[in-house]
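Please look through the sequence and the model below before reading on. The report that follows is meant for someone meeting this structure for the first time.

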Amino acid sequence: MTKKAAAAKSSAAKKPKMLIAGNWKMNGLRRDLSQITQLDRQLNRSRPALDIAICPPATLLGAAAALTPKIVKLGGQDCHPQMAGAHTGDISAEMIKNIGGRYVIVGHSERRQDHGESNALVAAKAEAALKAGLVAIICVGETLSERTKKQTLRVIGRQLQQSIPDRAEPGRIVVAYEPVWAIGSGLTPTHGEIEQAHGHLRKGLVEKFGPKGAAIRLLYGGSVKPDNAAEILKLTNVNGALVGGASLKASDFIKIIKSAV
Ligand code: PGA
């Protein structure tokens with residue numbers, strides 16, 4: 001079968017289960033753990049047919065796991081490419097798994113920008129995540145200047161190719177498209193722009209993994225809020241969301257989750 005035919009066949013395949021993941025970034029003190037309890041309690045009543053995760057700061061991960069949430073899965077926001085060693089301040093994927101994490105975000109644009117992380121480093125982190133038994137949420141996204149110069153598809157296509165480890169198991173990776181300029185700004189791309197970016201990423205995943213690439217979840221992230229989530233989550237090739245600010249309060253996050261079902 002040609003790659004084109006494989007892509008067409010796979011796009012008709014069953015839709016992947018949605019994932020709504022919250023990224024608390026450098027926010028959250030012990031008192032905020034009650035948001036996870038509240039969220040889990042509400043979700044345990046409605047039991048939506050989708051996956052929910054919260055990635056709190058590493059300082060809260062152990063305490064969040066000790067709450068033994070039934071529906072909400074936990075994740076880290078970053079990991080080191082090695083499992084252990086002399087790396088002051090870093091956290092390994094094995095440590096995240098050991099404390100009860102299921103997911104880890106790698107290559108978030110804030111890490112790429114604040115810490116100069118390259119695609120190669122992101123791929124090494126994702127590889128460590130997979131080795132530790134975590135699901136890696138690999139982030140890609142263009143800056144405003146790249147969008148203005150019409151480089152979006154080229155940039156995210158390259159990030160996708162270079163940030164996914166060669167031996168990745170498709171079932172254990174999630175890709176998040178997060179335009180840098182949309183993060184925390186209240187701005188979002190148009191629906192057409194999101195579909196174009198996600199379509200391009202889907203094509204890249206199918207080229208890389210064959211039909212299995214069609215089952216990899218593609219999340220949209222960047223100013224997802226209760227009032228825009230329903231429309232975004234309906235778009236073609238959008239299989240969930242990575243939510244920053246609006247994941248901090250259970251009352252907002254639950255509205256986003258409800259709009260996905
Ligand atoms: P935001 O962040 O929802 O606050 O825009 C999204 C993210 O950075 O993952």
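This report describes the nonpolar cores and then the salt bridges.

The model is predicted, so local features need pLDDT of at least 70 and side-chain atom pairs count only at pLDDT 80 or more, while totals for chains, interfaces and linings use all residues. Residues are numbered from 1 along each chain as its sequence is written, and side-chain values use heavy atoms, with hydrogens and water left out.

**Nonpolar cores**

A nonpolar core is here a set of buried Ala, Val, Leu, Ile, Met, Phe, Trp, Tyr and Cys residues joined through side-chain atoms within 4.5 Å, where buried means under 20% relative accessible area, exposed over 50%, and partly exposed in between (1.4 Å probe, protein chains only). The largest such core holds 65 residues, and Ile-20, Leu-39, Ile-52, Ile-164 and Val-175 are those with the most contacts inside it. Its largest share, six residues, is supplied by helix α11 (residues 250-260); helices (H or I, at least four residues) and strands (E, at least two) are DSSP runs, numbered from the N terminus. Leaving aside residues up to four places away in sequence, Leu-39 touches Ile-54, Val-72, Ala-250, Phe-253, Ile-254 and Ile-257, a contact being heavy atoms within 4.5 Å. A second, separate core of 13 residues includes Tyr-103, Ile-105, Cys-139 and Val-174.

**Salt bridges**

A salt bridge is a side-chain nitrogen of Lys or Arg within 4 Å of a carboxyl oxygen of Asp or Glu, and a search of the whole structure finds 13 of them. The table lists some of these pairs.

| Pair | N to O distance |
|---|---|
| Lys-17 and Asp-51 | 3.1 Å |
| Arg-217 and Asp-51 | 2.8 Å |
| Glu-127 and Arg-167 | 2.4 Å |

Lys-17 lies in the loop between α1 (3-11) and β1 (19-23) and Asp-51 in strand β2 (residues 51-55), so their pairing ties together parts that are 34 residues apart in sequence. Lys-17 is partly exposed at 46% relative accessible area, and Asp-51 is likewise partly exposed, at 21%. Asp-51 also pairs with Arg-217, which belongs to strand β7 (residues 217-221), and this pair links parts of the chain 166 residues apart. Arg-217 is buried, with a relative accessible area of 14%.

In the remaining tabulated pair, Glu-127 sits in helix α6 (residues 119-131) and Arg-167 in the loop between α8 (152-163) and β6 (173-177), so parts 40 residues apart in sequence are tied together. Glu-127 is partly exposed at 26% relative accessibility, whereas Arg-167 is exposed at 68%. Elsewhere, salt bridges that share partners join Asp-78, Arg-111, Glu-117 and Lys-125 into one network.
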